Amino acid sequence: MADWIDACATGDIAAEDVIRFDHGGRTFVIVRDHEDNFYCTDGLCTHEEIHLSDGLVVEATIECPKHSSIFDCATGEVETPPACEDLHTYATKVENGRVFVEI
Amino acid sequence: MSHVVVIGAGQAAASLIAKLRAGGFDGRITLVGEEPVVPYQRPPLSKAYLLGDMGLDRLYLRPEAWYGEQDVTLRLGVRVERIDRDAKVVALDGETIAYDMLALTTGSVPNRLPNAIGGALDGVYTVRTLADVDAMAHEFRAGARALIVGGGYIGLEAAAVASKRGVTVTLVEAAERILQRVAAPQTSDYFRALHGSHGVTIREGVGLKALTGGPRVSGAELADGSRLDVDFVIVGVGIRPAVALAEAAGLALDNGIAVDAQGRSSDPAIWAAGDCASFPHGGGRLRLESVGNAIDMGELVAENMLGAGKDYVARPWFWSDQYDTKLQIAGLNTGWDEIVTRDSGGGVVSFWYYAGARLLAVDAMNDSRAYMVGKRLIEAGKSPDKAVIADAAADLKPLLKA
């Protein structure tokens with residue numbers, strides 16, 4: 001059963017940036033795009049389990065810092081290999097300046 | 001087009017096949033490979049896999065079942081004997097397979113030392129295939145003495161793994177400095193110091209005269225007359241494109257299989273991608289030995305087989321892991337005349353190659369942000385102010401929008 005988890009304040013993430021969010025023994029990233037949309041995906045690259053929180057956010061994509069795989073943060077889809085598997089994505093909502101993720 | 005045959009089961013092949021199916025190709029695909037396994041990642045062979053930190057299952061690019069799901073016929077552990085272009089068949093293992101389109105993704109083969117100087121002695125290894133690395137793994141035991149011949153990335157990575165496993169390592173490089181062919185002196189200096197701090201002896205400007213012993217290697221004579229006792233040897237003296245099949249079939253060669261901007265060889269039914277292929281670039285031809293190139297060219301050939309008519313635009317990038325240092329390289333540094341250093345301290349440093357005001361390439365050590373921003377700047381043809389690059393406190397990301 002998924003729950004809405006209070007992950008961070010909107011102001012904790014700059015535009016086109018990312019933070020790591022650990023919850024329940026798992027690691028996620030929360031991304032803020034250039035238009036202030038928030039996304040949550042798994043925190044490790046599907047290629048070699050590198051933390052995506054060190055990655056580069058451009059618009060609504062994130063690039064893995066190790067081997068340059070690029071993922072669409074909204075859908076989790078691989079835009080550029082070497083990753084083959086898409087990222088899992090999780091719903092987000094913003095309420096009262098807080099970002100909630102459905103995990 | 002109803003049957004695509006792909007020869008060579010590595011990264012380029014895996015990318016090509018996936019892209020063919022993603023692009024809607026519903027004909028037959030046959031993948032023929034000499035090695036007995038499905039396509040796997042080669043880079044970890046000289047890094048995490050050799051160190052024992054990464055298992056075989058994580059090496060595979062796709063699980064074996066994926067090929068069945070994608071309706072790809074696998075012919076692994078099989079050597080193609082020849083290509084008959086007139087009949088459009090490939091001969092292997094006592095049979096012939098007809099193709100409508102053929103893709104050559106045969107990769108490259110490591111250069112070996114001549115037998116006359118001990119290249120065939122037992123205990124002398126090259127690093128290219130899973131079998132190569134499985135064969136040498138037992139040598140990496142504490143107290144053993146290794147000689148690494150060649151100070152390129154493969155030799156340096158092998159030296160790092162051996163050193164971490166307690167092996168006493170000497171690396172010889174015939175050129176004046178390690179990484180001379182591929183990097184600026186600053187990068188060579190960085191890695192010389194790194195290896196020195198881990199107890200590896202690096203001897204530059206000293207060639208190997210001969211390996212001695214028999215049937216197993218036991219020593220080495222160097223060009224300066226010195227001798228070493230060794231227990232095993234790893235040879236990392238470059239690779240060459242695997243073109244034997246293409247050559248026998250009469251395809252045009254030029255530092256690899258010569259393809260046009262779309263990846264087609266001199267025979268319009270035969271394509272090539274990855275390490276084995278050279279493509280038009282800057283008025284000449286370029287051949288890249290990298291995962292990124294294998295992926296991009298493999299995907300491009302798949303799209304062009306399906307009629308996309310796209311020209312290849314290389315986006316060169318490379319990486320190397322040695323000890324805890326992560327090197328990432330974007331661009332091609334050929335023709336550089338100035339290195340701009342961005343040093344954040346603690347081994348986090350990047351070297352930016354310029355030709356005049358134009359940014360060509362970046363070597364980033366433990367600085368993935370510099371690499372990622374540099375790669376995008378180079379791909380966009382942007383050349384940032386050198387003063388901003390040299391200021392380690394300056395945020396690089398705004399340069400992307402400048």
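This is a predicted model: local features need pLDDT of at least 70, side-chain atom pairs count only at pLDDT 80 or more; totals for chains, interfaces and linings use all residues.

Let us start with chain A, which has 11 strands and 0 helices. Read from the N terminus, its elements run β-β-β-β-β-β-β-β-β-β-β. Of the 103 residues in chain A, 39% are buried.

Chain B brings in both kinds of element, with 11 helices and 26 strands. Its radius of gyration is 22 Å, which agrees with the value near 21 Å that a compact globule of 402 residues would have. Along the principal axes, the C-alpha trace of chain B spans about 60 × 55 × 35 Å. Buried residues account for 46% of the 402 residues in chain B.

For chain B, counted between residues at least 6 apart in sequence, 61% of the contacts join residues at least 24 apart.

## Where the chains meet

How many residues of chain A are in contact with chain B? There are 10 on the chain A side, and they are in contact with 11 residues of chain B. Sorted by class, the side of chain A that touches chain B has 5 nonpolar, 2 polar and 3 charged residues.

## A run of parallel strands in chain B

Now find strand β10 (residues 145-149) of chain B, which pairs with strand β11 (residues 168-173) of chain B in the parallel sense over 5 bridges. A handy landmark in this pair is B:Ala146, which stands opposite B:Val169 in β11(B). Helix α6 (residues 153-164) of chain B belongs with these two strands: β10(B), α6 and β11(B) make a right-handed β-α-β unit.

β11(B) also runs parallel to strand β12 (residues 201-204) of chain B, and 4 bridges join the two. Here B:Leu171 has B:Ile202 in β12(B) as its bridge partner. From β11(B), the chain crosses through helix α7 (residues 185-197) of chain B to β12(B), and this β-α-β crossover is right-handed.

## Helix α7 of chain B

α7(B) has 13 residues and reaches 18 Å from its first C-alpha to its last, close to the 18 Å expected at 1.5 Å a residue. Its buried residues include B:Thr187, B:Ser188, B:Tyr190, B:Phe191, B:Arg192 and B:His195. What do the buried residues of α7(B) pack against? Their partners in chain B are α6, β12, β22 (317-322), β25 (348-355) and β26 (358-365). Just after α7(B) comes B:Gly199, which takes a positive phi of about 85 degrees.

## Helix α1 of chain B

Is helix α1 (residues 11-22) of chain B mostly covered or mostly open? It is mostly covered, with 10 of its 12 residues buried. Among them are B:Gln11, B:Ser15 and B:Lys19, along with B:Leu16, B:Ile17 and B:Leu20. The buried residues of α1(B) pack against β1 (3-7), β2 (28-33), β3 (72-76), β7 (101-104) and α9 (291-305) of chain B.

From its first C-alpha to its last, α1(B) reaches 16 Å, close to the 16 Å expected at 1.5 Å a residue. α1(B) is followed by B:Gly24, whose phi is positive, near 95 degrees.

## A closer look at B:Tyr49

Our last stop is B:Tyr49, which lies in helix α2 (residues 48-51) of chain B. Why does B:Tyr49 count as buried? It has 23 C-beta neighbours inside 10 Å, and the cut-off for a buried residue is 20 or more.

Leaving out residues up to four places away in sequence, B:Tyr49 touches B:Pro44, B:Met54, B:Leu59 and B:Val133. For one of these, B:Leu59, the separation from B:Tyr49 is 10 residues in sequence and 8.1 Å in space, C-alpha to C-alpha.

Methods
Residues are numbered from 1 along each chain as its sequence is written. Chains are lettered from A and ligands numbered from 1 in the order in which they are written. Two strands pair if DSSP finds at least two bridges between them. A crossover is right-handed if, with the strands pointing away from the viewer, the path from the first strand over the helix to the second runs clockwise. The expected span of a helix is 1.5 Å times one less than its number of residues. Two residues are in contact if their C-beta atoms, placed from the backbone, lie within 7 Å. Ala, Val, Leu, Ile, Met, Phe, Trp, Tyr, Cys and Pro count as nonpolar, Asp, Glu, Lys and Arg as charged, and the others, Gly among them, as polar. The radius of gyration is taken over C-alpha atoms; the globule rule is 2.2 Å times the number of residues to the power 0.38.
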